[in-house]
Amino acid sequence: MTSTLVNAAASVNAPTLRRLPNGLTIIAEQMPVDAVNLSLWMGVGSAVETDEINGMAHFLEHMIFKGTQSLKSGEFEQKIEQVGAVTNAATSQDYTYYYITTAPQDFAKLAPLQVEVVRNATIPDEAFERERSVVLEEIHRSEDNARRRTYYRSMEAAFERLPYRRPVLGPASVIEQLRPQQMRDFHSTWYRPQSTTASVVGNLPVEQLIEIVAQSFDEAEARAQSSRPTPPEALVSEPEAAFTAVGRQLHIDETLQQARLVMMWRVPGMADLSQTYALDALAAVLGQGRTARFVRDLREERGLVSSISVSNMTYVRQGLFYISAQLPSENLEAVELAILAHIRQIQAEPISEAELQRVRVIVANRYVFGNETPSDRASLYGYYQAVLGDLTPALTYPAQIQALTPQALQAASQQYLPPDAYQAVILKPAA
């Protein structure tokens, strides 16, 4: 067993990281707030799926709460609610996580229950069939959402090989064909201590938090009904090459009142984290906040768009610099040209120090505000450790942004955002 106090310079955070002999990683921190959050982060999401089981990770998230050999379906939630605690879960491309937030005096009683439902889910056939209809309804609702449809179209256009091109929920045609044993096999393969980060933050001593979590896993492992097969190799690990020309996809969407324009560049992901900080800052300069360049120019001053935003989407294997706008169809060409003009301007002339300082303040404040509760901190630690295997960047992110120069942003825009090589996706209402 190894234990490390992770305490980056100038950080308000001081988590302790401990790796157990069974491969489980526990991150713990005492925080003087009358609550404890335990987040179980699995380093597995839709990216590990094959096309034949696309949507399995999300479907399994639903089934985790359908009982174990020692807990009936619904019993976990009942015990949680009896003491006023809360629980929830989420699935993404690179991770799935489950959490509880409870009063400190109830933590030792509830933590073993949470670990039990995640580790020893039985996935009964009848519950599987009932939950299948719930998942299918969720898929149908997502297809009725214009923002989701735009995102799905964009991801399909952005990636040719990487699994990020597929929806996390999976297509209905695949979900309809999945079988309970496939899910039990998926659970046995991927829900292993070696794939789990237990991030626990709250108002109990660190050693007590770690002891409760470690003992909960020991007890759950003792009740496990099956051995754990070794996960297969990652399906695709290499990032895709940058676009070499302008690609454009047009879709007619009769449900829209206004057009949607998405422009994307393939950029580094978590595997090349040092290259992402300047792109994060660029996204803020261009499209985050009312004084951001795109917002001020295209929405506030010229009225060409109803909304516009920019994100540097950082997945494990690759990232996307993602610009999204909602606008009248007749403004599509003008807006695309204006976006490219702004990018060329940054490439030709570095932004001002004052403009970069605005971004530094935004990032610093978001970091502080995002550290106020045990659930905030547990999520921060769990995410970085689960997807990157390294907690340090979670603590040093503000310092990385503070250290950026206008020239660094200029260089990143020149390297990663060529105005003559990107992918555009356009959704237009019917004429």
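**Exercise 1. Determine which helices and strands each supply at least two residues of the lining of the largest cavity, and which of them gives the most.**

Step 1. In this predicted model, strand E4 (36–42), helix H3 (104–119) and helix H8 (206–223) each supply at least two residues of that lining.

Step 2. The residues that line the largest cavity are Leu40, Met42, Val115, Val118, Arg119, Tyr191, Arg192, Pro193, Thr196, Phe217 and Glu221.

Step 3. H3 gives the most, with 3 residues.

Step 4. Sorted by class, the lining of the largest cavity has 7 nonpolar, 1 polar and 3 charged residues.

Step 5. For scale, the largest cavity has a volume of about 60 Å³, and the structure holds 1 cavity of 30 Å³ or more.

**Exercise 2. Decide whether glutamate 116 is buried or exposed, and find which side chain it joins in a polar contact.**

Step 1. Glutamate 116 lies in helix H3.

Step 2. The relative accessibility of glutamate 116 is 2%. The cut-off for buried is under 20%, so glutamate 116 counts as buried.

Step 3. Leaving out residues up to four places away in sequence, glutamate 116 touches Thr68, Ser70, Leu71, Ala121, Ala220 and Arg223.

Step 4. The side chains of glutamate 116 and arginine 223 are joined by a polar contact of 2.9 Å.

**Exercise 3. Describe the surroundings of histidine 58, including the side chain with which it makes a polar contact.**

Step 1. Histidine 58 is placed in helix H1 (residues 56–63).

Step 2. With a relative accessible area of 5%, histidine 58 is buried.

Step 3. The side chain of histidine 58 makes a polar contact of 3.2 Å with the side chain of histidine 62.

Step 4. Not counting residues up to four places away in sequence, histidine 58 touches Glu49, Thr91, Val135, Glu138, Val168 and Leu169.

**Exercise 4. Characterise the largest pocket by volume, lining and class of residue.**

Step 1. The space in the largest pocket is about 1100 Å³.

Step 2. Its lining is made up of 38 residues, and Asp280, Asn312, Tyr383, Tyr384 and Tyr397 lie nearest the centre.

Step 3. At least two lining residues each come from helix H9 (277–287), strand E10 (307–314), helix H12 (353–369), helix H13 (374–388) and helix H14 (392–402).

Step 4. By class, 25 residues of the lining are nonpolar, 10 are polar and 3 are charged.

**Exercise 5. Work out how strands E2 and E3 are paired and what lies between them.**

Step 1. Strand E2 (residues 16–19) and strand E3 (residues 25–30) run antiparallel and are joined by 4 bridges.

Step 2. In one of these pairings, threonine 16 has alanine 28 in E3 as its bridge partner.

Step 3. E2 and E3 form a hairpin, with 5 residues between them.

Step 4. In the turn, glycine 23 has a positive phi of about 100 degrees.

Notes
Residues are numbered from 1 along each chain as its sequence is written. This is a predicted model: local features need pLDDT of at least 70, side-chain atom pairs count only at pLDDT 80 or more; totals for chains, interfaces and linings use all residues. Side-chain values use heavy atoms; hydrogens and water are left out. Two strands pair if DSSP finds at least two bridges between them. On a 1 Å grid over the protein atoms alone, a cavity is a set of points where a 1.4 Å probe fits but cannot get out, and a pocket is an open set with protein on both sides within 12 Å along at least five of seven lines; lining residues have an atom within 4 Å of a point. Grid points are joined across faces, edges and corners, and a volume is the space filled by probe spheres set on the points. Ala, Val, Leu, Ile, Met, Phe, Trp, Tyr, Cys and Pro count as nonpolar, Asp, Glu, Lys and Arg as charged, and the others, Gly among them, as polar. Buried means under 20% relative accessible area, exposed over 50%, partly exposed in between (1.4 Å probe, protein chains only). A polar contact is a pair of N or O atoms within 3.5 Å; within protein, one must be able to donate a hydrogen and the other to accept it, and residues adjacent in sequence count only if both atoms are side-chain atoms. Contact means heavy atoms within 4.5 Å.
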